[in-house]
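User: I have a model open and want to go through some local geometry. Can you start with a hairpin?

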Amino acid sequence: MTSSDPTTSADVPPLAGFAVGVTAARRADELGTMIERRGAAVQHGPALRIVPLVDDTELLAATRKLIELAPDITVATTGIGFRGWVQAATEWGIGDELLGALGAGTLLARGPKARGAIRSCGLADTWSPPSESSAEVLEYLLNGGVRGLRIAVQQHGEPLPDMVEALTVAGAEVIEVPVYRWEPPADLGPLDRLTDATLAGELDVLAFTSAPAAAGLLARAAERGRHDELVTRLRGPVLALCVGPVTAAPLEALDIPTVQPQRSRLGAMVRQLESVLPARSRGLPVAGHWLELRGHAVVLDGELRPVPRLRMALLHALARRPGRVVSREALAAALPGPADVPAVEKAMTDLVAALGSARLIQPVLTSGYRLALDPATGPVPVGGHCLHGDVR
């Protein structure tokens with residue numbers, strides 16, 4: 001394969017050469033495995049943990065209240081929460097009574113997982129919003145009229161004050177059902193390491209599967225005095241991948257751009273990443289070869305070649321000015337942490353070795369180095385975009 005054929009080899013997985021951080025508490029292994037199968041490296045740092053409230057007196061009181069006087073409408077917001085509620089009631093010996101009370105009224109499901117939980121308990125739901133958002137559930141209820149109705153709202157890890165207040169103002173009696181809550185992880189080490197890796201340029205993507213995870217990551221960064229740094233990275237080179245609009249809300253409130261699938265599913269989320277991330281690569285015809293720069297590797301003539309992070313920083317600095325000389329001082333400034341000209345020389349030697357060809361990068365006497373761009377072709381798009389900057 002030569003510079004005239006910029007097609008990436010089919011043998012190179014679509015996410016190979018990229019690193020993805022996973023913030024999920026639940027189904028993190030499932031998500032990580034799907035991403036790794038597509039070639040990416042995965043680092044896991046849960047941003048929260050789910051604390052069941054099986055022994056919580058507030059949940060027990062709400063359950064007994066609904067058994068004594070059945071709700072007209074019950075809103076199930078999450079599958080795990082609804083199942084946990086029924087399981088807790090069963091352990092208290094009042095599971096059948098709870099199912100009977102809920103089944104006597106109308107059940108609404110915020111999404112397919114909540115719907116599946118309702119049906120697995122032998123009950124039937126009547127409606128679910130296409131967007132899977134609490135806001136659309138609220139709109140549906142208000143449009144139908146709620147005055148005089150008794151409505152049970154199963155919370156999903158945190159209170160829903162806007163929904164409860166709006167329903168109350170509209171004349172409903174609202175019973176809040178706190179099935180579980182989100183808390184910071186018991187061990188903050190993995191989360192802190194995930195944040196540090198993001199700030200150090202070691203991750204290309206942060207993946208979020210819940211709004212509390214996004215908020216938890218930002219809150220912990222703020223506690224460590226690194227909130228603004230993290231936001232800057234997420235607004236720039238690091239891609240924020242979210243399972244859906246509800247998850248993305250805490251990030252977009254800070255003007256952090258996000259990427260989301262059309263359907264809020266883990267599989268769709270990974271396929272969206274598979275589509276979007278390779279398009280952020282940069283392809284260049286260099287010294288008769290086709291060189292594609294990924295996050296932490298290159299694809300040279302269809303062959304994946306891992307490149308250590310420090311050496312990759314040099315390559316990105318050269319690729320920002322393909323074919324032009326970049327001074328050793330400028331290259332030193334591109335290296336993470338303090339660096340001098342001898343450090344550049346050592347890193348450049350290692351970079352050439354990693355690339356496997358001395359022709360790709362040319363030393364220019366005492367001036368610096370240049371990427372040996374083929375002048376007849378110039379930069380060529382990868383993924384449909386002609387890129388002329390540091391696209392990481």
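Analyst: Strand 14 and strand 15 make a hairpin with two residues between them, and D301 in the turn has a positive phi of about 50 degrees. Strands here are DSSP E runs of at least two residues and helices are H or I runs of at least four, numbered from the N terminus. This is a predicted model: local features need pLDDT of at least 70, side-chain atom pairs count only at pLDDT 80 or more, and totals for chains, interfaces and linings use all residues. Residues are numbered from 1 along each chain as its sequence is written, and side-chain values use heavy atoms, with hydrogens and water left out.

User: In which sense do strand 14 and strand 15 pair, and over how many bridges?
Analyst: Residues 297–300 and 303–306 pair in the antiparallel sense over four bridges; pairing requires at least two DSSP bridges.

User: What stands opposite V298?
Analyst: R305 in strand 15.

User: Switching to helices. Which residues of helix 3 and helix 4 meet?
Analyst: F82, W85, V86, A89 and T90 from helix 3 meet G95, L98, L99 and L102 from helix 4, with contact meaning heavy atoms within 4.5 Å. By class, that contact has seven nonpolar, two polar and no charged residues.

User: And D29, buried or exposed?
Analyst: D29 counts as exposed because its relative accessibility is 66%; buried is under 20%, exposed over 50%, and partly exposed in between (1.4 Å probe, protein chains only). D29 is in helix 1, residues 28–37.

User: How far is D29 from H44?
Analyst: Their C-alpha atoms are separated by 8.8 Å, and the two are 15 residues apart along the chain.

Methods: Nonpolar A, V, L, I, M, F, W, Y, C, P; charged D, E, K, R; others polar.
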